[in-house]
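Grab a pencil and open the viewer. Below are a few exercises, each followed by a worked solution.

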Amino acid sequence: MKHSTVVFPHWKHQEVLKGNCGECHHSRTADWKQVPYKEGMKIQECKTCHNKNHPNKKLNSVKKAMHTNCKGCHKEMKKAGKKTGPTKCTGCHKK
Ligand code: HEC
Ligand code: HEC
Ligand code: HEC
Ligand code: HEC
């Protein structure tokens, strides 16, 4: 990830999520419907779509997309009592 202050161990996620790339990666149709990840699909940066042109106001920035995705999963897994990643700001935003 380019943002220097956010910690994101990509390889570790690929390992624990057992290659389920679709937990995070997807594509879209021309009318902004989400297309689930399929093997071999071109993977684009989140900002390609999650920018101010995105029609869903809850997802129209990289910050919103990442927070929904990252925190969302960590919170759900935590609730289910599983080992997961941080849910607090400083867990991801190191000074
Ligand atoms: C837990 C979430 C998550 C999982 C699971 C995941 N990725 Fe990623 N991946 C990301 C994030 C976040 C980025 C950075 C995207 C950005 O910079 O906008 C990324 C970036 C990438 C990139 C670089 C894209 C670019 O244009 O810079 C590739 C290629 C990639 N991932 C492939 C994969 C593959 C293949 C898998 C499955 C084996 C996978 N990822 C699983 C979250 C994930
Ligand atoms: C090619 C365009 C595109 C790319 C690239 C993309 N998204 Fe999305 N994303 C969408 C569209 C379209 C939706 C559906 C929005 C809706 O239903 O309102 C969506 C939905 C979402 C959602 C809400 C639904 C869900 O699955 O939980 C999250 C969170 C999300 N994206 C995060 C990400 C992250 C993180 C990345 C980068 C790793 C990423 N997206 C890359 C287009 C894209
Ligand atoms: C689908 C679920 C899921 C998503 C989405 C996800 N994570 Fe995680 N994350 C995990 C799990 C599971 C672990 C625990 C890995 C381990 O230590 O076994 C983890 C661990 C972490 C850790 C701690 C790693 C360590 O070395 O202790 C960080 C930091 C983290 N995630 C950041 C992120 C960020 C940033 C994103 C979004 C770009 C993200 N995660 C998206 C499931 C997820
Ligand atoms: C699970 C990891 C995670 C947690 C927890 C988290 N963030 Fe983030 N945050 C991210 C990621 C990933 C980005 C996108 C960074 C980028 O644009 O490259 C981001 C982006 C941001 C941004 C946009 C500016 C920037 O640094 O790019 C702000 C502001 C922010 N977060 C604040 C917070 C606050 C406040 C909290 C606690 C309430 C929080 N975050 C919790 C992962 C996290």
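Buried means under 20% relative accessible area, exposed means over 50%, and partly exposed is in between (1.4 Å probe, protein chains only). Before you start: this is a predicted model, where local features need pLDDT of at least 70, side-chain atom pairs count only at pLDDT 80 or more, and totals for chains, interfaces and linings use all residues. Residues are numbered from 1 along each chain as its sequence is written, chains are lettered from A and ligands numbered from 1 in the order in which they are written, and side-chain values use heavy atoms, with hydrogens and water left out.

**Exercise 1. Work out where His74 sits, whether His74 is buried or exposed, and what His74 touches.**

Step 1: Find the helix. His74 is part of α2; helices (H or I, at least four residues) and strands (E, at least two) are DSSP runs, numbered from the N terminus.

Step 2: Check the accessibility. His74 has a relative accessible area of 9%, so it counts as buried.

Step 3: List the contacts, meaning heavy atoms within 4.5 Å. Not counting residues up to four places away in sequence, His74 touches His13, Thr84, Gly85, Pro86 and Thr87.

Step 4: Look for polar partners. A polar contact is a pair of N or O atoms within 3.5 Å; within protein, one must be able to donate a hydrogen and the other to accept it, and residues adjacent in sequence count only if both atoms are side-chain atoms. A polar side-chain atom of His74 is 2.7 Å from the backbone oxygen of Pro86. An N or O atom of the His74 side chain is also 2.8 Å from a nitrogen atom of ligand 3.

**Exercise 2. Describe the shell around ligand 3.**

Step 1: Collect the residues with a heavy atom within 4 Å of the ligand. There are 19 of them around ligand 3, and the closest are His13, Cys70, Cys73, His74 and Lys83.

Step 2: His13 places one 2.8 Å from a nitrogen atom of ligand 3, while Lys83 has one 2.7 Å from an oxygen atom of the ligand.

Step 3: See which helices take part. Both α1 (10-16) and α2 supply at least two shell residues, and α2 gives the most, with six.

**Exercise 3. Which protein atoms hold the iron atom of ligand 2?**

Step 1: Pick out the donors: N, O and S atoms within 2.8 Å of the metal (3.2 Å for Na, K and Ca); water is not among the atoms, so sites may look incomplete. The protein donors are His26 (NE2) and His50 (NE2), 1.9 to 2.0 Å from the iron.

Step 2: His26 is in strand β1 (residues 26-28) and His50 in the loop between β2 (34-36) and α2 (62-79), so the pair ties together parts 24 residues apart in sequence.

Step 3: Compare accessibility. His26 is partly exposed at 34%, whereas His50 is buried at 11%.
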